[in-house]
Amino acid sequence: MKIKIFAAFILTLASNGVIADDYVVEVHGLVCSFCAQGVIKNVSKLPFIDQSRFTKGVKVEIEEQKVTISVKAGERPNIDDLFEAVRSGGYEPIEIWAVQSDGQLTKFER
Amino acid sequence: MRRLLAAALFLCTSSHAHQPVMDMAPRWSNGYGIQIRYERYGSNDLKRGREDISNLQGLERFVYTTWLEGVYTFDRSVRLTAKIPFVHQRRDVNPNGVPASRSTNGLGDIIIGLPLKRYSNHKAMTQNWSFTPSLRMPTGTSSGDFPISDGSWDLGLSLGFSRETPTFYQLYDLYYWKEGAGRHGMQTGDSFGLDVNLGIHPWHSNETNSGIFLMWDLSVSHSDAPNQQNLTTAAGADRIYTGPIFVAYRQNLMFRAEFKYLAYERVDNIGLSRGNQFSLSVGATF
């Protein structure tokens, strides 16, 4: 019983992104990495970004229109700030997922 | 008559509305870019209308322009661009049967543009419409036997559309230049044209933020006759240029090489052909 409760607690945390290090943002219009420099520039400045990974904490994948961000241990991304950083980079953020330890994506709610 | 304007020199230099560094970048708020572009064109082919005729006098004209270009993006819908040309032009003439070579160096006419863009982003595609008013200022010398500028304030307008997917790029740009009255009685003719760039994005690396574009350009233009001309200055003309474009980028640096083959040309009366055009540019965005 204790194990089930613990598992449920972990799942709850995961669905809110608390324990994830990486998050994936779907970004419409993201088709050229040269043009996406503004996204990297803006997002990497956010205080919860772990700049030690990827390119200053941000990885752009134009085939999938995805931006993966690395978040500092124990911190949650501020979705409003994150989406505004993407918008001022010239693109449209759509949704965000937390990357679980097994690689599965869980939709991350604000 | 010795102040005949070198009409083609500025009729065609950067008539196009191509924007510094790249059409799609910098598209981020408070982004900026700089670019140095070297451009060369000219010929010793003499034409009457569409026909090549003998150039017994050995006339020729070549123009080498180094453009210093800059762009500032307020937000993705409003940019400000500046294009500053440094011109070296050379021509061989034969006044009164005496061959002579003349050249001029110096600052050309600075062009300020205000691209207004309307972007729309879709899942795997981004596109924008752009409307760009431009002002060409008479900063080039209009004196001497071989002036760089006609000394006029000119107004340009362009309407563009571009669309990009991860693998395909297309740009269409329709432009018009209204020429003002210049100094010393000189005035170039108005011009308009259409540029089309179609290309692919065959390789890129997400890890290093690098890649290449391979494109093909088609440029169709018409220019009215200037109010003065001789064999070494430009007549009014219709032209079609076409040729390949190669673009490579890495991080915030971009390199572009472009060759434009003069596929069709019709000049008013008799005039030197403008010849093929070649350009190289290096740019950076921040």
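Guide: Axes are lines fitted to C-alpha atoms, for helices over the stretch in contact, and angles run from 0 to 180 degrees between N-to-C directions. Helices (H or I, at least four residues) and strands (E, at least two) are DSSP runs, numbered from the N terminus. This is a predicted model, in which local features need pLDDT of at least 70 and side-chain atom pairs count only at pLDDT 80 or more, while totals for chains, interfaces and linings use all residues. Residues are numbered from 1 along each chain as its sequence is written, and chains are lettered from A and ligands numbered from 1 in the order in which they are written.

Visitor: What makes H2(A) roughly antiparallel to H3(A)?

Guide: The axes of H2 (residues 37-44) and H3 (residues 79-88) of chain A come within 8 Å and cross at roughly 150 degrees. Angles under 35 degrees count as roughly parallel, over 145 as roughly antiparallel, 65 to 115 as roughly perpendicular and the rest as oblique. The crossing angle therefore makes H2(A) roughly antiparallel to H3(A).

Visitor: Which residues of H2(A) and H3(A) meet?

Guide: Contact requires C-beta atoms, placed from the backbone, to lie within 7 Å. On the H2(A) side these are Val39(A), Asn42(A) and Val43(A), and on the H3(A) side Leu82(A), Ala85(A), Val86(A) and Ser88(A). By class, this contact of H2(A) with H3(A) has 5 nonpolar, 2 polar and no charged residues. Ala, Val, Leu, Ile, Met, Phe, Trp, Tyr, Cys and Pro count as nonpolar, Asp, Glu, Lys and Arg as charged, and the others, Gly among them, as polar.

Visitor: Why is H2(A) called largely enclosed?

Guide: A residue is buried if 20 or more other C-beta atoms lie within 10 Å of its own, exposed if 12 or fewer, and partly exposed in between. In H2(A), 7 of the 8 residues are buried, so the helix is largely enclosed by the rest of the structure. Among the buried residues are Gly38(A), Ile40(A) and Lys41(A). Their cover includes S2, S3 and H3 of chain A, together with S1 (31-43) and S17 (277-285) of chain B.

Visitor: What does H2(A) give to the side of chain A that touches chain B?

Guide: H2(A) gives 4 residues, the largest share of that side. The contact as a whole takes 23 residues from chain A and 27 from chain B. The side of chain A that touches chain B divides into 7 nonpolar, 11 polar and 5 charged residues.

Visitor: What makes S2 and S5 of chain A edge strands?

Guide: Two strands pair if DSSP finds at least two bridges between them. The open sheet of 5 strands in chain A has the order S2-S3-S1-S4-S5, with antiparallel pairing. S2 and S5 (105-107) each pair on one side only, and the twist averages 30 degrees from one strand to the next.

Visitor: How many bridges join S1(A) to S3(A)?

Guide: S1 (residues 22-28) and S3 (residues 66-70) of chain A pair in the antiparallel sense over 5 bridges. Val25(A) has Val67(A) in S3(A) as its bridge partner. H2(A) packs on this sheet, touching S2 and S3 of chain A, and its direction makes about 155 degrees with that of S2(A).

Visitor: Why is one side of S3 and of S16 in chain B left without a neighbour?

Guide: Their sheet is open, with 3 strands in the order S3-S2-S16 (chain B). S3 (51-53) and S16 (270-272) of chain B stand at its edges with a single partner strand each, so one side of each has no neighbour in the sheet. S2(B) (residues 46-48) and S3(B) run antiparallel, joined by 3 bridges, and Lys47(B) stands opposite Asp52(B) in S3(B).

Terms used
Contact = placed C-beta atoms within 7 Å.
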